[in-house]
Every structure is written in C-alpha cells, then in structure tokens.
Amino acid sequence: MASVLVVEDDQFVRSALIRQLTDASHTVRSVGTALEALREVAHFRFDVVILDLGLPDLDGSEALKMLRGITDVPVIVATARDDEAEVVRLLNAGADDYLTKPFSVEHLSARMAAVLRRARGGPAEAAPPTVIRVGGLTVDPLRRQAELDGAVLDLTRREFDLLAFLAGRPGVVVPRKELLAEVWQQSYGDDQTIDVHLSWLRRKLGETAARPRYLHTLRGVGVKLEPPRLEPPR
C-alpha cells in the first residue's frame, strides 16, 4: 500500500478522501495549504501526492511547480476544471495525472495504481495481470479476448493489441509515439493510423470521440483508457 499526502482545503472533501484511502489500507497525511504541503514533502517520504488546485494561499499550478523543485514524487492533480488546454499545461508542468471532480474512490485508486506502476517500473510493469479489468471492460491477453459488460467484442488483431496496451495502463495518458512503438512496432508513423483504429475501437465500445466513456484523447498529449466517470447522485 502507498503513503499518500492529500492537499485539499475543503474539509469535507479532505475528510472523505482520508477515510476512503485509509479504508483501502493506505497511509495518509493531509494538509490544507500549499505551504504546508511543501513542508510535508520536505520532511516526509510519500509515494504519491493528491493536489487540489483551488488552494487558499497559492494557486495549485504554482504549488505544483514548487513541489517539482524539491521532489519527484508522483503528483495527481484534482481539479474542477475540465479545460483541455489547462490539463495539457499541468501535465507539461510536471503533473503525472489529473482527476476531474467529482470522482469516485475506485477511479482515484486506479489512477494511483497507474502512476505508482509507472514510477516504480521494474517487474510490476513487465508482468501485467493475466486478465485486465477496467470498469465493465475485461481484456484477456493470453486468450486474446475482450469483453464489454459480459459481451465478447469482435476485434481485429491490431484493435485488440491497442486495447490491451491501453487497458494495461488504466488512467495513464500514453503518448502517440509510444503507441506507435509498442503497438505498431514503428519508431515513426502517421497519427491518422492511430486515429482510425481509435475510431473503430470506440464504435465497438459503443462510444464516440464527442461522448467518450473509456477512450479519451488529449490533443497534443496522447490517449488514455479509464473507467466511465460516475455521475454524482442527485
């Protein structure tokens, strides 16, 4: 389990995160300001930081830059902002991933597992589970079979390879260059090849680029696969 620093000024959200992460057997410390966060990472070792952008003393993006100046701990940004340009800016500034509020603890756990796998590397990343499950999607690399909500998907060889590669890294934004290298075994190529296969995959997953559920494209960054976002209760 991981050692987590939660940086969130909303006491209700903070308490909920602490409770949920503790229930998942993580060790949690929490603060409500950017300056407190900087002090924490200077004195304690964390596996991951959950950073809210709307902090009272310092804008979260500035806090991210300051954190990156003193530590390389993985940082997941939690934000109510869903603007693509802002997301790209944060990823380029050093965020390892981001979550749009509101989010479920399952969604957060998947993101944490993904960034921790990437940060730790080694055998854990080289030996994915036999069967990969992301939301209602099940991918079995050994049998080369994928199912969505129990129904077998009719995929071409390349479609399956692309889906399996992304499903093995849930919540992680994979650059197009990496997709070309790992799925197509090419050091360079045409982005349109990826776009066409993503379009075919979306159709078989019952979604579109305009209304994505599992597959999300961040223009200029890459592609990620994640569980469908849960709607907050009314």
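Two strands count as paired when DSSP finds at least two bridges between them; strands (E, at least two residues) and helices (H or I, at least four) are DSSP runs numbered from the N terminus. Everything shown here belongs to a predicted model, in which local features need pLDDT of at least 70 and side-chain atom pairs count only at pLDDT 80 or more, while totals for chains, interfaces and linings use all residues. Residues are numbered from 1 along each chain as its sequence is written, and side-chain values use heavy atoms, leaving out hydrogens and water.

**View 1. Strands β6, β7, β8 and β9 make an open sheet.** The four strands follow the order β6-β7-β8-β9, and their pairing is antiparallel. At the edges you will find β6 (132–134) and β9 (151–152); each has a single partner strand, so one side of each lacks a neighbour in the sheet. To see one of the pairings, look at β8 (residues 145–148), which meets β9 in the antiparallel sense through two bridges. Here Glu147 sits opposite Val152 of β9.

**View 2. Strand β1 is covered on both faces.** Alongside runs β2 (residues 27–31), parallel to β1 and joined to it by five bridges. If you want a place to start tracing this pair, Ser3 has Thr27 as its bridge partner in β2.

**View 3. Ala37 is a buried residue of helix α2.** Its relative accessibility is 3%, so Ala37 counts as buried. Setting aside neighbours within four places in sequence, Ala37 is in contact (heavy atoms within 4.5 Å) with Leu5, Val7, Val31 and Leu67. Asp9 lies 28 residues away from Ala37 along the chain, and the C-alpha atoms of the two are separated by 11 Å.

**View 4. Helix α3 keeps its buried residues on one face.** In α3 (residues 60–70), the buried residues are Gly60, Ser61, Ala63, Leu64 and Leu67. Viewed down the helix axis, they fall within an arc of 150 degrees (taken from the directions from the axis to the C-beta atoms), so they line one face of α3. Turn to the other side of the helix and Gly69 and Ile70 are exposed. The cover over the buried residues of α3 includes α2 (34–43), β3 (48–52), β4 (75–79) and α4 (84–93).

**View 5. Asp52 carries a UniProt annotation and sits in strand β3.** An unreviewed UniProt entry annotates Asp52 as "modified residue: 4-aspartylphosphate"; such annotations may be inferred rather than shown by experiment. With 6% relative accessibility, Asp52 counts as buried. Beyond its neighbours within four places in sequence, Asp52 is in contact with Val7, Glu8, Asp9, Gly60, Ala78 and Lys101.

**View 6. One cavity of 30 Å³ or more turns up in a search of the whole structure.** On a 1 Å grid over the protein atoms alone, a cavity is a set of points where a 1.4 Å probe fits but cannot get out, and lining residues have an atom within 4 Å of a point. The largest cavity has a volume of about 40 Å³. Its lining is made by Val7, Glu8, Val13, Leu17, Ile50, Leu51, Asp52, Ala78, Lys101 and Phe103. Elements giving two or more residues to this lining are α1 (11–23) and β3. Strand β3 gives the most, with three residues.

**View 7. The second largest pocket holds about 490 Å³ of space.** A pocket is an open set of points with protein on both sides within 12 Å along at least five of seven lines. Among the 20 residues lining the second largest pocket, Tyr98, Pro212, His216, Thr217 and Arg229 are the closest to its centre. Two or more residues each come from α4, α9 (191–205) and β10. The largest share of the lining, four residues, belongs to β10.

**View 8. Strands β10 and β11 form a hairpin.** Three residues lie between the two strands, and Gly220 in the turn has a positive phi of about 80 degrees. Over four bridges, β10 (residues 215–218) pairs with β11 in the antiparallel sense. His216 stands opposite Lys224 in β11. From β11 (residues 222–225), Gly222 and Lys224 point one way, Val223 and Leu225 point the other way, and all are buried.

Terms used:
Buried < 20%, exposed > 50% of the residue type's maximum accessible area, 1.4 Å probe, protein only. Points joined across faces, edges and corners; volume = space filled by probe spheres on them.
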